[in-house]
Amino acid sequence: MSECNFGHVVIIGVGLIGGSLARALREHDAVSQITGVARSRETLELAVQLGVIDHAETDPVQAMKDADMVVLATPVSTIGPLLASIADHIPAHCVVTDAGSVKGSVADAARQVLGEKIGCFVPGHPIAGTENSGVAASFAELFIDHRVILTPLPENKESDIRLVEAMWEVCGARVVRMSIKDHDAMLAATSHLPHLLAFSLVDFLSQQERHEEIFANTAGGFRDFTRIAGSSPVMWRDICMANRDELIPLLDAMERQLSSYRVLLQNHDGEQLEQAFDRARAARRKLPKLIKPANKKNKS
């Protein structure tokens, strides 16, 4: 049982992230009530049936009554309009946060629609997920040992930031703080670019004349590399468009990297190609120690 209780938590967007957060908070007895908000009545009925939420609402304004904490777990393009719709109905004591993968555009939209209430909004991003989506795919352990990045605004109260930190820590996450600029630059490189590359490769191969035969003969490496291409196209469209200022320079640099490999192949320069691969392997081997706690055994 958790020592924290966050009272009435409203989760707008009861999918993989929102549903998993609800499950985790409930599992640790850290809430008095969870209200789920979604456009689809079918999604809400399933969430209630699965025991993920206590109460269902299709109208976010109605859900705001007596809310202590509001979490926006919807695509980044919807966060601004959602904040605009609830701005006049956020209780004075209520803290609002989000789970968006891009923070610059979200913070700009929040500042525009919330005005003097901007201090109640603490931007956040759980670095967790799977290629599956929907409340049926949610599970309470999703955030264990995963990072949650908070990008606090100057107007935020320290007590509100700590409250959001505590919520994610109850779920087993490791919370860090960084600037919005650093967040968007780092996530562009480590998350958004890999998704673009995976989508691009599968899209490219699917247009080849013998694509069915190609896919029928794929090995484990192809499936591992392209697993994330099974993610929501709508969600990743929004993320890539919202963070395009960071992504475009990375794509330019990636094109130059691939071109350099092409030159090595043309020149039959196996030695330099091996050195490039060796550098990549050495960097990859360091990854588990960097992303997991030192006292945790984990698979890489």
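Predicted model: local features only at pLDDT ≥ 70, side-chain atom pairs only at ≥ 80, totals over all residues.
Strand β2 is mostly covered, with four of its five residues buried. Strand β2 spans residues 33-37 and pairs with strand β1, residues 8-12, in the parallel sense over five bridges. Two of the facing positions can be picked out in the structure: H8 stands opposite Q33 of β2, and V9 has I34 of β2 as its bridge partner.

Because five of the five residues of β1 are buried, the strand is largely enclosed by the rest of the structure.

Both strands belong to an open sheet of six strands, ordered β3-β2-β1-β4-β5-β6, with parallel pairing. At the edges stand β3 (55-57) and β6 (121-122); each has a single partner strand, so one side of each has no neighbour in the sheet. Strands of a sheet pair through backbone hydrogen bonds, either parallel or antiparallel. Further along the order, β4 (residues 69-72) and β5 (residues 95-98) pair in the parallel sense over four bridges. Within that pair, V96 in β5 is the bridge partner of V70.

Helix α2, residues 41-49, lies across β2 and β3, and its direction makes an angle of about 175° with β3. Helix α1, residues 16-27, contains A22. Is A22 buried or exposed? A22 has 0% relative accessibility and therefore counts as buried, since the cut-off for buried is under 20% relative accessible area. Leaving aside residues up to four places away in sequence, A22 touches I11, I34 and V52. A residue at a distance from A22 is T226: the C-alpha atoms of the two are 29 Å apart in space, and the residues are 204 apart in sequence.

D29, in the loop between α1 and β2, has a positive phi of about 50° although it is not a glycine. D66, in the loop between α3 (60-63) and β4, also is not a glycine, and its phi is positive at about 60°. D66 is exposed, at 64%, because the cut-off for exposed is over 50%.

A further sheet is open and has three strands, in the order β7-β8-β9, with mixed pairing. Its edges are β7 (124-126) and β9 (174-177), each with a single partner strand, so one side of each is left without a neighbour in the sheet. On average, neighbouring strands of this sheet are turned by 20° against each other, direction ignored. The pair formed by β8 (residues 147-150) and β9 is parallel and runs over four bridges; in it, V148 has V175 of β9 as its bridge partner. Helix α6, residues 158-170, lies across β7, β8 and β9, running at about 150° to β9.

The last feature is an opening in the protein. Rolling a probe the size of a water molecule over the atoms shows where empty space is left. The second largest pocket has a volume of about 210 Å³. It is lined by 13 residues, and A92, C94, G119, C120 and D160 are the closest to its centre. Which classes of residue make up this lining? The lining of the second largest pocket has six nonpolar, two polar and five charged residues.

Notes
Residues numbered from 1 in each chain as written. Heavy atoms only, no water. 1 Å grid on protein atoms, 1.4 Å probe; cavity = no way out; pocket = protein on both sides within 12 Å on 5 of 7 lines; lining within 4 Å. Points joined across faces, edges and corners; volume = space filled by probe spheres on them. Nonpolar A, V, L, I, M, F, W, Y, C, P; charged D, E, K, R; others polar. Buried < 20%, exposed > 50% of the residue type's maximum accessible area, 1.4 Å probe, protein only. Contact = heavy atoms within 4.5 Å. Pairing = 2+ DSSP bridges. Axes fitted to C-alpha atoms, helices over the stretch in contact; angles between N-to-C directions.
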